[in-house]
Amino acid sequence: MSLIKELKENYEVYKERDPAIRTYWDVLLYPCFHVMRAHRKAHKLWEEGKTFEARLISQRAARKTGIEIHPGAKIGKGFFIDHGTGVVIGETCEIGDNVTLYQGVTLGGTGKEQGKRHPTLEDGVMVSAGAKVLGSIRIGANSKIGAGSVVLKDVPPNCTVVGVPGRVVRMKNKVVPRDTIDQTNLPDPILQDMKVFQRVNNELINRMIAVEEEIRRLQEKNEGGGKISDPAMFADSVHVGTEGRKSADANAEVRYCESAHLKEKHNYEIRPEEREYEEVQDCIFADYI
């Protein structure tokens, strides 16, 4: 393949995923272009059994570009690494077509496996900046790995992974477009769970305030000579006899929680949780998911 033809083909791929590119010649400024040219040569030598020559080419390319791709890795068409500094791709990695990686991504092993010990990325996968995909796992087609995530288990197709360790969520069974490279509008299940816990906690505080006010009212009524309809309910707070008698120690103080935030009532409403996603409980890879 001539250099001009190769530049044109890569230009179409890069332009689709990086708005910074302007002309065909800009392709020469991308580390991805140079490291992939070196990788194709190194991979061919690796398959021929010339492992030292293959590693020599890959290590030279790594020093020049900051991208380390083992010559044994299998990479499909339309592969794109944006920026690329710190990207590491292991020996037994298998990468499908139209896959996009960003800086700081590691497709590595766990250090405990033999044989196939690196991940497999199917077509259309996007791995955001700083994410780590470790072990002999499979990332399903069109899935997204959020920035900084650590993925240790299989990911079904058309899913998003966020967090450490990575939590797999499915975007309401919607198919993720191949040309979508949005790294920011990702779900945050931990944040949404915290908001739910906060609403529940506020409601419990309000109920506790209401109970304390009721206890106080019943105590005042009891001290004024009235009778409590159900003394057993408040036996721990107000000692009431079976005949409606006053407590043996009428002047004893009843202990209330006097925290400032408990004195002030807030009208928080517990609304049904409206997620934009559903968490995938069973992360075993399967085509039907």
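Q: Which residues touch the most other members of the largest nonpolar core?
A: In this predicted model, they are Y14, I89, L101, L107, V127 and I139, out of 40 residues in that core. A nonpolar core here is a set of buried Ala, Val, Leu, Ile, Met, Phe, Trp, Tyr and Cys residues joined through side-chain atoms within 4.5 Å. Buried means under 20% relative accessible area, exposed means over 50%, and partly exposed lies in between, with a 1.4 Å probe and protein chains only.

Q: Which helices and strands supply at least two residues each?
A: Those are α1 (3-17), α2 (31-47), β3 (80-81) and β14 (159-162). The largest share, five residues, comes from α2. Helices (H or I, at least four residues) and strands (E, at least two) are DSSP runs, numbered from the N terminus.

Q: What is I89 in contact with?
A: Leaving aside neighbours within four places in sequence, I89 is in contact with E68, I69, H70, A73, F79, I95, L101 and L107. Contact means heavy atoms within 4.5 Å.

Q: Let's zoom out. How many helices and strands does the protein have?
A: There are five helices and 16 strands. Of the 289 residues, 41% count as buried.

Q: What order do the strands take in the open sheet of four?
A: The order is β2-β5-β8-β11, with parallel pairing. β2 (74-75) and β11 (138-139) stand at the edges with a single partner strand each, so one side of each has no neighbour in the sheet. Two strands pair if DSSP finds at least two bridges between them. In general, strands of a sheet pair through backbone hydrogen bonds, either parallel or antiparallel.

Q: How many bridges are there between β2 and β5?
A: Two, and β5 covers residues 94-95. Within this pair, K74 stands opposite E94 in β5.

Q: And β14, which way do its residues point?
A: C159 and V161 point one way, T160 and V162 point the other way, and all are buried. β14 is also joined by two bridges to β12 (residues 144-145), and the two run parallel. The bridge partner of K144 in β14 is T160.

Q: Cysteines next: how many disulfides are there?
A: The count comes to zero, where a disulfide is a pair of cysteine sulfur atoms within 2.5 Å. C93 counts as buried because its relative accessibility is 1%, and C159 does too, at 0%.

Q: Where is G96 found?
A: G96 is in the loop between β5 and β6 (100-101). G96 counts as buried, at 14% relative accessibility. Its C-alpha atom is separated by 4.7 Å from that of E122, a residue 26 places apart along the chain. Not counting residues up to four places away in sequence, G96 touches G76, K77, L121, E122 and D123.

Q: What is the mean pLDDT of the protein?
A: The mean is 76, and 69% of residues reach 70 or more. pLDDT is the predictor's confidence in each residue, from 0 to 100.

Q: Where does pLDDT stay under 50?
A: One such stretch is residues 234-263, for which the model has 37 contacts beyond four places in sequence. Over residues 265-270 the pLDDT is below 50 too, with 11 contacts beyond near neighbours in sequence. Where pLDDT is low, the predicted coordinates should not be read in detail.

Q: What rules sit behind these values?
A: Residues are numbered from 1 along each chain as its sequence is written, and side-chain values use heavy atoms, with hydrogens and water left out. Since this is a predicted model, local features need pLDDT of at least 70 and side-chain atom pairs count only at pLDDT 80 or more, while totals for chains, interfaces and linings use all residues.
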